[in-house]
Amino acid sequence: MVSDLTMAYGDFVIQRDLNFSINHNDIFIIMGGSGCGKSTLLRHLIGLKSPAKGHVYYGAVDFWNADPAARRRIMQKCGILYQQGALWSSMTLAENVALPLEEYTDLSAGDIKEIVSLKLALVGLAGYEEFYPSEISGGMQKRAGLARAMALDPEILFFDEPSAGLDPVSAKRLDDLILELRDSLGTTVVVVTHELASIFAIGNNSVFLDAESRTMIAQGDPHLLLAESDDSKVKEFLTRGAMASVAVVAGHNE
Amino acid sequence: MQAQSKIDFSQPAPDILHAAISGAWQIGSRLPGPASVLSRLGADTRIKRLIIDTNELAEWDSSFLTFIRTITEECRRKKIALAMHGLPEGVKRLLHLASIVPEQKGTSQGKKTKPFFYMVGESAVHFTTSIIQMLSFIGEATLSLFNFLRGKARFRRIDLLLFIEECGADSLPIVTLISVLVGLILAFVGAVQLKLFGAQIYVANLVAIAMAREMGALMTGIIMAGRIGAAYAAQLGTMQVNEEIDALTTMGISPMEFLVLPRLLALVLMMPLLTLYSDLLGIMGGALVGVGMMDITLVQYLTQTQATLDLTNISLGIAKAGIYAIIIALAGCLRGIQSGRSAAAVGGATTSAVVTAIVGIIVTDGIFAVLCNALGI
């Protein structure tokens, strides 16, 4: 849950007065045009950047005012898939996925190996254990990143632009995977994206950030937003600018 | 052959300017440019109406668009009615496209000239923050070193071995070359002067003392700053760009322990050894000159060296090497972690790492020289 969050780089305010809550088992979409601060919001949620003002709550815990140990406990329950995968380039895929397991569990090397190969198989990368990140394609890096994010069976999964740079089929498969994770493991998912197809395919709750007014201008189920929102910016975004382009054509014909 | 692009002006009435545009308007061909039209508008203030006739226009590209745009803006400014005849459909649409999204106010970050005192203050603030960053980095590094000594630091042992190989074995060839040459140069410099007194044998003393106390550590330090410090900064900078460091942080793994510590340890372990090796090769370089050019026998040279060198000289050089190693590793890692998220930033971080390390080394060496003098070492 986020309350009264204001984000800023120095004096430059990105977004102010954000208030929303993410329910358990949601697939929560953070959407908005380019440069509106979606990724910055994500960085606040996952503890990489402290807010200029306001709070981020995980359950009842105020994340940014908690002590480091409590923060670590929270972050242990989170898995994060970064935009480019962010695999550690000096390690093989297996080592990448294994590292969080080695850090946080007392499993034996053999058990870890089995879990790693299971996670890699789940994302369709069975047999790639000994490859280095630079030896596989961008889409595969992303999936490997997901395997690493899932390594500790997190309660909350964060995705930063999961479908960016993926072909439509891979993007669809990733969406299906996200839905599957939510349904089978009960994971709460937070996705930063501006991919309309994904938004409607997986999202059941959302917040819309606007770059111009520097705050959120809509929240709720994206399907309902499309049907009911009377804000022209939200509508334009969710209809891929269909309304705006009508206006352009009309203007041109004058 | 393409038709020459040109503008024919005519003035059917005193307040109307008629410009007939013809030919091919393409980037690379010689174009009349908007100035010819604007100068006519400027010259004759009576003109209240501009007609542009493009019926004869053959081919066009962006150069024509910029031409029309400049004129349109000028006309709007001077309140001159503008009419265009025969504009190609594509030009119309593109011009419209360029005008629908109004220029974002505030996006063009105008370089405002700041007052002098503002700039002084700004750089002072910048300086303080960078000092604070550096100190807190050193503090964190120290803490993680304590963690390591208590056996609680978490990094991969294999990483440490890799870094040791990179610092140690892989650096041998260049350290060899530089050290031999430095020994050689020292011997030559000394030989010319000492010959005047017939005291050639003291070349051995000169080379041995200089290598052991100063040049061995200094040269190794400078080589390592270029080789390893730069590599560290580039590695960590790239990891910053790839969000790999973020991934570590969010996983609750301290980048300080996982990334910086093995690099620091590898360099601190290897630098003294390399320095010792460098001392030895420098002395050999000196012997090459002594034996080859000054009629000293090898045995004489080595006996003289042995008589000169004591443990103090050698251990002083090795102590320096350890401190240089810390400076190089911290400078490289600090600049790498501070790096911004772009290719240029990584390049900047690398350069800055080398500069910081070399400046640090020389300054430390200066302090050492003063201290040793005061303490009589």
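Leaving aside its neighbours within four places in sequence, which residues is A:F158 in contact with?

Reply: A quick word on ground rules: this is a predicted model, where local features need pLDDT of at least 70, side-chain atom pairs count only at pLDDT 80 or more, and totals for chains, interfaces and linings use all residues. Residues are numbered from 1 along each chain as its sequence is written, while chains are lettered from A and ligands numbered from 1 in the order in which they are written.

Now to your residue. Setting aside neighbours within four places in sequence, A:F158 is in contact with A:L42, A:L45, A:I46, A:C78, A:I80, A:L81 and A:V190 (contact: C-beta atoms, placed from the backbone, within 7 Å).

A:F158 also sits in the largest nonpolar core, which has 127 residues. A nonpolar core here is a set of buried Ala, Val, Leu, Ile, Met, Phe, Trp, Tyr and Cys residues joined through C-beta atoms within 7 Å; buried means 20 or more other C-beta atoms within 10 Å of the residue's own. A:F158 is listed with A:I30, A:A147, A:V191, B:V207, B:L267 and B:I328 as touching the most other members. Helix α7(B), residues 202-241, gives the most to this core, with 19 residues (helices are DSSP runs of H or I, at least four residues; strands are runs of E, at least two; both are numbered from the N terminus). Another core, of 13 residues, lies apart from it and includes B:L17 and B:I21.

Next, the sheet in chain A. Six strands form an open sheet in the order β6-β7-β8-β3-β9-β10, with mixed pairing (strands pair if DSSP finds at least two bridges between them). Its edge strands are β6 (78-81) and β10 (215-219), each pairing on one side only. Inside the sheet, β3 (residues 27-32) and β9 (residues 205-210) of chain A run parallel, joined by five bridges; A:M31 has A:F208 as its bridge partner in β9(A).

Chain B has an open sheet too, with four strands ordered β1-β2-β3-β4 and mixed pairing. β1 (6-13) and β4 (81-85) of chain B have a single partner strand each, so one side of each lacks a neighbour in the sheet. β1(B) pairs with β2 (residues 16-25) of chain B in the antiparallel sense over six bridges, and B:I7 has B:I21 as its bridge partner in β2(B).

Finally, where the chains meet, 13 residues of chain B are in contact with 16 residues of chain A. On the chain B side, α8(B) gives the most, with five residues.

How values were computed: Two residues are in contact if their C-beta atoms, placed from the backbone, lie within 7 Å. A residue is buried if 20 or more other C-beta atoms lie within 10 Å of its own, exposed if 12 or fewer, and partly exposed in between; C-beta atoms are placed from the backbone.
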